[in-house]
Amino acid sequence: MAALSGSSVCLRDSACQLPLPVSTRCYKRRSAKWRSPQAAIIPNFHLPMRSFEVKNRTSPEDIKSLRLITAIKTPYLPDGRFDLEAYDALVNMQIVNGAEGVIVGGTTGEGQLMSWDEHIMLIGHTVNCFGGSIKVIGNTGSNSTREAIHATEQGFAVGMHAALHINPYYGKTSVEGLCGQSPNLAGVKECVGNDRVEQYTEKGIVVWSGNDDQCHDARWNHGATGVISVTSNLVPGLMRKLMFEGKDPALNSKLMPLIDWLFQEPNPIALNTALAQLGVVRPVFRLPYVPLPLPKRVEFVNLVKSIGRENFVGEKDVEVLDDDDFILVGRY
């Protein structure tokens, strides 16, 4: 056991120290000059920020090789809290169907509607349950650099394998404010288009397409490593095939009506509606998101029949939900 200098508690010559009689203690307390408790003051004692224990670490190279990363949906209970049972089932379906990573608490997972406590808890829960089977990438970005650093430290403390950071939004900074270098940079999620994808890949930077409608060409014609996908929440097996099995324009064309349907309104409105219609999540929305209107819900049922129910997650028959079936939660 290490000895700490400055401590007022010690044993000398292995002697057993017994408490003084009450009367003596009282007498000394009244007459002695008071001093602050020394056991709480350890001058010049450095507590390291990092331990030297061997940990399970993920290298940037491990992340760079991922081809199918799903931006996973966060399902809710009727009171607006996380439905972890449904969430676990969703993640497990991704693993079974070949996804290699999940983004936790991204835009699709509605991280923007979470408290940081919820955010870090969900990252830790995902690592605890599935970290040995799939790479867990926490969305710990923020407009505030200080907040992003703090959230990232917390995310890695609970075991996430990588962090996803966004360029500061709304209150934007200059180009110089965006620049930074890190030996742990794995790559870039690119949503502008395939011309930008090629600009990165020509410089040797790993890129994942952030656009499902462009990811096939990004992967096979422009050098992208893979995709960070919304559509794979619904059809992970088909999206894996699109990323792993070479050029397949026929499959890409088959999926395009579904992809167009998913992004007719801001993400994740359509995805939330679709997963509810498939019966894999409760039809609960955290406001300000609301479900697609009835005609669009009917359209989704027809898309499922066209592509094949067997290609979608879940086992229940797809159904058209009525407006009254949905629960909108403003306080949670």
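Residues are numbered from 1 along each chain as its sequence is written. Because the model is predicted, local features need pLDDT of at least 70, side-chain atom pairs count only at pLDDT 80 or more, and totals for chains, interfaces and linings use all residues, while side-chain values use heavy atoms, without hydrogens and water.

**View 1. Helix 3 crosses helix 4 at roughly 55 degrees.** Look for helix 3 at residues 84–96 and helix 4 at residues 116–130, whose axes come within 11 Å (helices are DSSP runs of H or I, at least four residues, numbered from the N terminus).

**View 2. Eleven side by side: who touches whom between helix 3 and helix 4.** From helix 3 come L84, Y87, D88, V91, N92 and I95, and from helix 4 come L122, H125, T126, C129 and F130 (contact means heavy atoms within 4.5 Å). Seven of these residues are nonpolar, three polar and one charged.

**View 3. Helix 10 packs with helix 12 at about 160 degrees.** Here residues 249–262 and residues 294–307 have axes 10 Å apart, and the helices are therefore roughly antiparallel to each other. This crossing is left-handed.

**View 4. Helix 10 meets helix 12.** K254, P257, L258 and W261 of helix 10 face K296, E299, F300, L303, S306 and I307 of helix 12. Six nonpolar, one polar and three charged residues make up this contact.

Note on methods:
Axes fitted to C-alpha atoms, helices over the stretch in contact; angles between N-to-C directions. Helix = DSSP H or I, 4+ residues; strand = E, 2+ residues; numbered from the N terminus. Nonpolar A, V, L, I, M, F, W, Y, C, P; charged D, E, K, R; others polar. Parallel < 35°, antiparallel > 145°, perpendicular 65-115°, else oblique. Left-handed = near helix turned anticlockwise from the far one by under 90°.
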